[in-house]
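Keep the viewer open and try each task before reading its solution.

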Amino acid sequence: MEPIKIVDNIYWVGAVDYDIRDFHGYLTPKGSSYNAYLIIDDKITLIDTVKHGFEEELLSRVAKIVDPTKIDQVVSNHAEMDHSGGLPEILKTIGIEKPVYASKLGVQALGAQFQNAGLNLQAVGEKLSVGQQDLHFVETRMIHWPDSMFSFLPGPGILFSQDGFGFHLASTQRFDDELDEHFWGPLAINYFANILTLYTAPISKILEKAVSSGLLGQTKIICPDHGLIWRKDPGRIVALYQEWVQQKPKNKAVIVFDTMWHSTEFMARELTDALASLGVEAKYQSLKNVHRSQAVTECYEAAAIVVGSPTINNQMYPSVADFLQYAKGLKFQNKIGASFGSYGWSGEAPKLIQAELATMGYALPSPEIRYRWVPLEKDLGPIRDLAKTLAEAIKKAVG
Ligand code: FEO
């Protein structure tokens, strides 16, 4: 397999995973890539590796440039398994004694993950010589693990940003000038919403520091561990991150629901139409055909999340509980919530959803809306009233 030259003596040598669809519970409909990079200098340096199972792909790309046993050192910017799982096998080939540099917490994490692999783990200082130049390290805790760090090579101005500024895409394209933002934009926000929402506060601080220290000003190319290399306009993805970390609500509502016999679905359709007729961008998300990770992506910039469920065994539908648990973990800020659902006997689900939304810190401008049995058109007044209440609350929130 071929390496891809980024600039003279620096190459992409990662792997493309065309088949992955479930990335720890997060849907990756377009697969992913595990980006790794090779610096050819007096000390040949490998930056990050690949998921276990893709070691041969990385080594075959390296072998097109240099004998893999000539690699002198490895830098691990992030200890998660999709970038470190291949370390033991790769080191068996290049030499188990070769140093693996990581942050202090990265050394701990890698040591715990690969207890019997005999890795020569070394904690980095501020910089590391790769020969004629130094690689500078920047601690980036919680983008998106405690161990995470960026590595920066000042000469060519390359920032190796591990998961930061990445997204999941398996493709033959490696650079931002090969794909349009209309294509990669939805993938980038999908990644941010699912992987980084919980950490917007620390990410905001890291971005501020990267600007004030001049790091981003010196950066000409960003090389993340997934997705495209930003060489045409690295400032664009940075600007999107600077916007996304603010979690500013937009004039948008997401109606997320499941249905048993189409009655809750009927309410969801009416609510979607009613919100749209009031000038709100309304997104209809049936959990029958939308994955939780896609639904939370739609929710990311929405001012309101409206959750609907029938009642089964005195509980909300399992798919709705799954969505709420996932969304709860992301800790969205500045959200308005509401709930609705039809029922036959006891009808607890909307109240249970409302209680869950309250624990998630959402503003609740309306009590839950329930309908017993099968609503007809004439029965949908409360849903239209809910739409009006939500539209007013969204208007106030958006300002
Ligand atoms: Fe791509 Fe957090 O690993």
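**Exercise 1.** Find which way each residue of β14 points.

*Solution.* Start with one side: Met-149, Ser-151 and Leu-153 point one way from β14. Phe-150 and Phe-152 point the other way, and all are buried. Buried means under 20% relative accessible area with a 1.4 Å probe, counting protein chains only. Strands are DSSP runs of E with at least two residues, and helices are runs of H or I with at least four, numbered from the N terminus. Since 5 of the 5 residues of β14 (149–153) are buried, the strand is largely enclosed by the rest of the structure.

This is a predicted model, where local features need pLDDT of at least 70 and side-chain atom pairs 80 or more, while totals for chains, interfaces and linings use all residues. Numbering starts from 1 along each chain as its sequence is written, and side-chain values use heavy atoms, without hydrogens and water.

**Exercise 2.** Find the strands that pair with β14.

*Solution.* Two strands pair if DSSP finds at least two bridges between them. First, β13 (134–139) pairs with β14 in the antiparallel sense over 4 bridges, with His-136 opposite Phe-152. Next, β15 (158–162) runs antiparallel to β14, joined by 3 bridges; here Phe-152 stands opposite Leu-159. Finally, look between β14 and β15: the hairpin has 4 residues between the strands, and Gly-157 takes a positive phi near 70°.

**Exercise 3.** Name the residues that Phe-165 touches beyond its neighbours within four places in sequence.

*Solution.* Contact means heavy atoms within 4.5 Å. Among the partners of Phe-165 are Phe-150, Leu-159, Trp-230 and Tyr-241.

Key. Buried means under 20% relative accessible area, exposed over 50%, partly exposed in between (1.4 Å probe, protein chains only).
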